[in-house]
4 protein chains.
Amino acid sequence: MTIRATVWGENVHETTSQIVSDIYPEGMHTQIAKQLAVDKNIVARTATLQQPEHGLTKEVLAETDVLLWWGHAAHGEVADEIVERVTNRIWQGMGLIVLHSGHFSKIFKRLMGTPCALKWREAGERERIFVVNPGHAIAAGLPEYFELENEEMYGEPFSVPEPMETVFISWFQGGEVFRSGLTYKRGRGNIFYFQPGHETYPTYYDDNIGLVLRNAVRWAHNPQAVSSDPSDAPNVPVEEALEAIEERGPKLHKKGEKGLR
Amino acid sequence: MTIRATVWGENVHETTSQIVSDIYPEGMHTQIAKQLAVDKNIVARTATLQQPEHGLTKEVLAETDVLLWWGHAAHGEVADEIVERVTNRIWQGMGLIVLHSGHFSKIFKRLMGTPCALKWREAGERERIFVVNPGHAIAAGLPEYFELENEEMYGEPFSVPEPMETVFISWFQGGEVFRSGLTYKRGRGNIFYFQPGHETYPTYYDDNIGLVLRNAVRWAHNPQAVSSDPSDAPNVPVEEALEAIEERGPKLHKKGEKGLR
Amino acid sequence: MTIRATVWGENVHETTSQIVSDIYPEGMHTQIAKQLAVDKNIVARTATLQQPEHGLTKEVLAETDVLLWWGHAAHGEVADEIVERVTNRIWQGMGLIVLHSGHFSKIFKRLMGTPCALKWREAGERERIFVVNPGHAIAAGLPEYFELENEEMYGEPFSVPEPMETVFISWFQGGEVFRSGLTYKRGRGNIFYFQPGHETYPTYYDDNIGLVLRNAVRWAHNPQAVSSDPSDAPNVPVEEALEAIEERGPKLHKKGEKGLR
Amino acid sequence: MTIRATVWGENVHETTSQIVSDIYPEGMHTQIAKQLAVDKNIVARTATLQQPEHGLTKEVLAETDVLLWWGHAAHGEVADEIVERVTNRIWQGMGLIVLHSGHFSKIFKRLMGTPCALKWREAGERERIFVVNPGHAIAAGLPEYFELENEEMYGEPFSVPEPMETVFISWFQGGEVFRSGLTYKRGRGNIFYFQPGHETYPTYYDDNIGLVLRNAVRWAHNPQAVSSDPSDAPNVPVEEALEAIEERGPKLHKKGEKGLR
């Protein structure tokens, strides 16, 4: 079955920083999409902040099984309306993979309900990513650990909810640790946060990183996605109760009235 | 140690529905506060929607260990600014107990990151609340189950995240089930959702309900609450790294620059 | 990809109770295997208590992706050695689906580390099974709820660990509730407990039950199963440390010595 | 309220290794008990492998609120009968704190249902323990991290079930990481695994370690411990059903008959 992925890139530093554009001349989103396309069963398109509706129209989301999100400098420029649209689609079953500095994106904070804060240091230090859950689908084919010679340090405490599963934990040369791969579920949507990916390093060219991204897309894909309203809260009338009951006691609602919100 | 509870009541149906004002002439919040005061170690005050800042000023929240929330008709009238203030305080360690129709309150949806929808029927049917986690502090002193002869049916699926622990599950006469007691943690804040409490029934006069509320306040109280900013994401300068490292590679941030948000 | 399932049946009441043999003349295990075979990608074999090594030889387990377990009268007759063998294979990644009275099987108690006790009543009452996690793979294709007109009541508290996810909760006519579908993970092995299936009722002929079983087999199948020893605890010699370190301080172990167990 | 702790020490290396007896002349268990006694509300006794019934008689366990377990060389010498007795008492609500090499103790493996394996290296390297859950009661009063200049490296993957909460993660000088503080619940018993404590280093003299141990004892103490049989699975007779039902269908059990196990 083909999985339809959309890679959302903020695409700001690629056009404002020579360092970043040298590494990712076509944009980080394009390189991430290329990594996904290594799997012939994944079809990856891209969308960026600068496009109308940030490239995330209802049509695009309706045709997206898994959304990947990379943002850093312009979290505040993402329109609240689009964040709500994406949120709703995740609740319907679209998967979400949040990358690196996306920990502070509106969409991730919206879904976690926590600050999503952490410590950081940009020093090009060594990061060693350990698989702590070797049977997890996102770790398929990986060695016991792999290294990135230059990455930004993200350090604990990472103020997110306790995850469904911890897949990766990272060791940093400068002395910190970080839960670098965490899974969540919100509504029908599978969510994976993955820490590496600072824009001044060639992280998204790394083979192991590519493997994690492809694994994560397959894991996050939920064939049971629906298009109905996830916030619907239907009344079950007395006469349609599953067991016969008689109405008793005082009532607030008139017959057939909608519930309060 | 004295625990400082604040019972927030929407206080709308108490003044607009004769049924509700007959049952709760002083307001539901007042009756809930009376239940808490049975424990001499809990000091309970109240706050309502109609007060300035909904009664939830910075001062009140700073002096609140656990907030209880009952709302139904006027979720939309709660100011977003107050919701963010309460959210921030929960992240700092204030406990939150969300009651009944509060499942659709802004604050609960904000913290869960899900629709928090369910099925419902107002027919005064019997609800039987089972303790499924008898060793949990919130179930202390309860029998194996207890009944409310008249309650509003809330039915699954309840679209919330998988809880930290399921404490209660309810059986309804009309044929449904509901996870009626669920725990969560967001930042340092302990959160408990408790389903009973429809305003047209005398639920908050029930002894077992009172016991659950007092247990929940004690459970939710976190002595490790702090007043610092939970969203702070400090940079760790290279020269203060825990292990000596040399700065390497290209950099986005100038020395001492704040992180992007 | 073909999934190799093995249905283990205790096969005692089928030969000692006329009621049971009338319903399941070929044994419950055979009927369960027939339900699985509706999916052309599942190949199901059976094994029973009475066979040598209870039909669970090393060879059979090595060729099993998912094991289903139905037992009731003869839990104590299952050899401890076989239980350890199955446990080890689950840790390597074989899935396990525990059915009904299997809650008290040695293998389930071994993996849960809890009593796995519950309340029960054999009265042929109505059970209504609610999907509380509609986006879960095990619930694919099911309606919001389905009914079994005659089932044995299993009631809370069910003394199992808090699950990874709660998929089903059941309503019983006699007034109880039960978490009837729960997921766990032990090592690389996915585990699903599913409550219906009393031997005096034709539960395993029910279409919805069949669908759940097939879904559960697909969900439990872990393509990352391995054949290595899951209890291996390797020493990492100083000279092979990931970062160069010097040995310091007193030592208990001589160089190359095995760890203590 | 006074909490009654029992510190169980294997007490083998203290009598066979000069290194260990030099550091812990009265035994590790005695030093751990001294750390607990710093809190005047904790009364700590000790028990050792060599005592009759390993010092864990029914009377001792009945008077123990929280059991601490340190073992390494002689896991296999702990009698299975005692392991089952301790297990049963934990299910009833006694807390358990498993220390360091206790990861391979019979009691921990019994409760986890997994191999509990890990990587290790005895090189006296630096360990830095990070608080990843700063609002947790076990982290009360700790700094953001603390260091042990010499510890045994324990490395991931640690084959335990996904924890209820991850409290600590450790960084090791030689390049590994480890989830060094994990919480679980089995029956009514709260369980905490804490990684530091190799016998050739003076870890249990460290002030931060002492603070963690005292916090953990207070956290693990469950005032709702009971003395009833946690494996009891009572029949609910039809005539005592919570809702009136009529018995239907064929039956396996005669009236009043005990359930099968």
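In this predicted model, helix α3 (residues 28–37) of chain A and helix α7 (residues 207–220) of chain A have axes that come within 8 Å and cross at roughly 70 degrees. Angles of 65 to 115 degrees count as roughly perpendicular. α3(A) and α7(A) are therefore roughly perpendicular to each other.

**Helix pair in chain A**
- Two packed helices are described by the angle between their axes and the distance between the axes.
- Which residues make the contact between α3(A) and α7(A)? From α3(A) come I32(A), Q35(A) and L36(A). From α7(A) come G210(A), L213(A), R214(A) and V217(A).
- By class, this contact of α3(A) with α7(A) holds 4 nonpolar, 2 polar and 1 charged residues.

**Sheet in chain B**
- Chain B has an open sheet of 9 strands. Their order is β2-β1-β3-β4-β9-β8-β7-β5-β6, and the pairing is mixed.
- β2 (42–48) and β6 (145–155) of chain B are the edge strands, each pairing on one side only.
- From one strand to the next, the twist averages 25 degrees.
- Helix α7 (residues 207–220) of chain B packs on this sheet. The strands it touches are β1 (3–9), β2, β3 (66–70), β4 (95–99), β6 and β9 (189–194) of chain B. The direction of α7 makes about 165 degrees with that of β9(B).
- Strands of a sheet pair through backbone hydrogen bonds, either parallel or antiparallel.
- Do β7 (residues 165–172) and β8 (residues 177–186) of chain B run parallel or antiparallel? The two strands run antiparallel, joined by 5 bridges.
- F168(B) has G181(B) in β8(B) as its bridge partner.

**Chains C and D**
- Chain D superposes on chain C by a rotation of 180 degrees with 0.0 Å of shift along the axis, at an RMSD of 0.0 Å. That is the relation of a two-fold axis.
- G113(D) has the C-alpha nearest the axis in chain D, 2.8 Å from it.
- Both copies use the same surface: 100% of the contact residues of chain D recur in chain C.
- How many residues of chain D are in contact with chain C? There are 61, and they meet 61 residues of chain C.
- On the chain D side, the elements that give two or more residues are α6 (106–112), β5 (119–131), β6 (145–155) and β8 (177–186) of chain D. β5(D) gives the most, with 7 residues.
- The chain D side that touches chain C divides into 25 nonpolar, 20 polar and 16 charged residues.

**Chains B and D**
- The contact joins 10 residues of chain B to 10 residues of chain D.
- The chain B side that touches chain D comprises 3 nonpolar, 5 polar and 2 charged residues.

Terms used: Residues are numbered from 1 along each chain as its sequence is written. Chains are lettered from A and ligands numbered from 1 in the order in which they are written. This is a predicted model: local features need pLDDT of at least 70, side-chain atom pairs count only at pLDDT 80 or more; totals for chains, interfaces and linings use all residues. Copies are superposed by least squares on the C-alpha atoms of residues with pLDDT of at least 70 in both. Two residues are in contact if their C-beta atoms, placed from the backbone, lie within 7 Å. Helices (H or I, at least four residues) and strands (E, at least two) are DSSP runs, numbered from the N terminus. Ala, Val, Leu, Ile, Met, Phe, Trp, Tyr, Cys and Pro count as nonpolar, Asp, Glu, Lys and Arg as charged, and the others, Gly among them, as polar. Axes are lines fitted to C-alpha atoms, for helices over the stretch in contact, and angles run from 0 to 180 degrees between N-to-C directions. Angles under 35 degrees count as roughly parallel, over 145 as roughly antiparallel, 65 to 115 as roughly perpendicular and the rest as oblique. Two strands pair if DSSP finds at least two bridges between them.
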